[in-house]
Amino acid sequence: MWFEQVLFFLAGIGALAGALGVVMLRNPFYSVLALVGHLLALAVLFLLLHAEFVAAAQVVVYAGAVMVLYVFVVAYIGGSDEPLRPEGGVINAFGPLFALAIGVELSIAFVASGLEAIDSRGADLGAGFGSPGQIGQLLLTRFLVPFEAASYLLLIAAVGAVVLARRRRGLEDVGAAPGPRENPREPSETTLEVRV
Amino acid sequence: MDVVWFLVLSAFIFVIGAAGVMTRRNPLVVLLCLELMLNAGNLALVAFSRMHGGQAGQVFALIVMVIAACEVVIGLGIIVAMYRNRLPIDVDEMSELRG
């Protein structure tokens, strides 16, 4: 089916370009926008894999809500261009080498080893594979404990974010001395709490 | 489509994310690169779910998305706290947890 393959390569190129944009672009705001494009391309890939509910959740939750949170924080902090590391430190040379080593290792694992189990075109799928009904039934029967654990984790994260990002009066006065990061714009009085 | 294509693509995305985590200094961008790595794992999970014809992989992917959302919220909270306390927004400067 040539249509599937064309769609896969378009979405794959989009996902790779978005990922490269996240890493390469200097301005964090553009990085966030590149990640939004990456997530949308990934949702298309999920649709190709018959995971409709995951694709919808990816677009609504990830590309929608989580990225809005990112944009808020980037706008609050001020997305300034960051320079590359000025000195040619050991991390600077070691990072891409490390990534390249992981890439070579994963490529060997996926392609060159000729694993029999991976080399398949996929099982026959029943009707409604990956539909919200079937995923919801799995979440409420077989995976009920992980589902509840995830909901508790979200609650804890929400409370933790509020505790972390709330305004502390005492530390504000102590930190009024000019720090290493001079910012002419004072943090505004209207508090921007991180909400979930 | 052969499932191996999806796995190779997820490996590429994971490697790009890992390179970003190692090389970038802005903690916001480091968090974004962590998202990339988690998404690569998600893609591999969904591809394996397609390969085996079971939906457990998709449920795992949903749980991973929940974990990623929690991580984002906590990380952004830490970054906002850093900004409020006039600390430099730079992962190289934040070395007090080094031990």
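The conversation below walks through a predicted model with a chain A and a chain B.

Visitor: What is chain A made of, helices or strands?
Guide: Chain A has seven helices and zero strands. Read from the N terminus, its elements run α-α-α-α-α-α-α.

Visitor: How much of chain A counts as buried?
Guide: Of its 196 residues, 23% count as buried.

Visitor: And what share of the contacts in chain A joins residues 24 or more positions apart?
Guide: Among contacts in chain A with a separation of 6 or more, such residues account for 61%.

Visitor: Let us turn to the two chains. How many residues does each give to the contact?
Guide: Chain A contributes 79 residues and chain B contributes 64 residues.

Visitor: Which elements of chain A touch chain B?
Guide: Those giving two or more residues to that side are α1 (2-24), α2, α3, α4 (90-112), α5 (132-140) and α6 (144-165) of chain A. The largest share, 12 residues, comes from α4(A).

Visitor: How do the residues on that side divide into nonpolar, polar and charged?
Guide: On the side of chain A that touches chain B, 56 are nonpolar, 15 are polar and eight are charged.

Visitor: At what angle do α1(A) and α1(B) pack?
Guide: The angle between α1(A) and helix α1 of chain B, residues 3-23, is about 10°, and their axes are 9 Å apart. Angles under 35 degrees count as roughly parallel, and α1(A) and α1(B) are therefore roughly parallel to each other.

Visitor: Which residues make that contact?
Guide: From α1(A), they include Phe8(A), Gly12(A), Ala15(A) and Leu16(A). From α1(B), they include Trp5(B), Leu9(B), Phe12(B) and Ile13(B). The residues of this contact divide into 13 nonpolar, three polar and no charged.

Visitor: What about α2(A) and α2(B), how far apart are their axes?
Guide: Their axes are 11 Å apart, and the two helices pack at an angle of about 5°. By the cut-off of 35 degrees, α2(A) and α2(B) are therefore roughly parallel to each other. On α2(A) the contact involves Pro28(A), Ser31(A), Val32(A), Leu35(A), Leu42(A), Leu45(A) and Phe46(A). On α2(B) it involves Leu28(B), Val29(B), Leu32(B), Glu35(B), Asn39(B), Leu43(B) and Val46(B). The residues of the contact of α2(A) with α2(B) divide into 11 nonpolar, two polar and one charged.

Visitor: Now for α3(A). How many residues does it have, and what distance does it reach?
Guide: α3(A) has 26 residues and reaches 36 Å from its first C-alpha to its last, close to the 38 Å expected at 1.5 Å a residue.

Visitor: Where is the kink in α3(A) centred?
Guide: The kink, of about 30°, is centred on Met67(A).

Visitor: Which residues of α3(A) are buried, and what covers them?
Guide: Among the buried residues are Phe53(A), Gln58(A), Tyr62(A), Val66(A) and Tyr70(A). Their cover includes α2 and α5 of chain A, together with α2 (27-52) and α3 (56-84) of chain B.

Visitor: Why does Val66(A) count as buried?
Guide: Val66(A) counts as buried because it has 21 C-beta neighbours inside 10 Å, and 20 or more are required. Leaving out residues up to four places away in sequence, Val66(A) touches Val61(A), Ala69(B) and Val72(B). Val66(A) and Val36(A) are 30 residues apart in sequence, while their C-alpha atoms are 9.8 Å apart in space.

Visitor: What follows α3(A)?
Guide: Gly78(A) follows α3(A), and its phi is positive, near 95°.

Visitor: Which residue other than glycine has a positive phi near 60°?
Guide: His50(A) has such a phi. His50(A) is found in the loop between α2 (28-48) and α3 (52-77) of chain A.

Visitor: Is His50(A) buried or exposed?
Guide: His50(A) is buried, because 20 other C-beta atoms lie within 10 Å.

Methods: Residues numbered from 1 in each chain as written. Chains lettered and ligands numbered in written order. Predicted model: local features only at pLDDT ≥ 70, side-chain atom pairs only at ≥ 80, totals over all residues. Helix = DSSP H or I, 4+ residues; strand = E, 2+ residues; numbered from the N terminus. Buried ≥ 20, exposed ≤ 12 C-beta atoms within 10 Å, placed from the backbone. Contact = placed C-beta atoms within 7 Å. Nonpolar A, V, L, I, M, F, W, Y, C, P; charged D, E, K, R; others polar. Expected span 1.5 Å × (residues − 1). Bend = angle between axes of the 7 residues up to and from the residue. Axes fitted to C-alpha atoms, helices over the stretch in contact; angles between N-to-C directions. Parallel < 35°, antiparallel > 145°, perpendicular 65-115°, else oblique.
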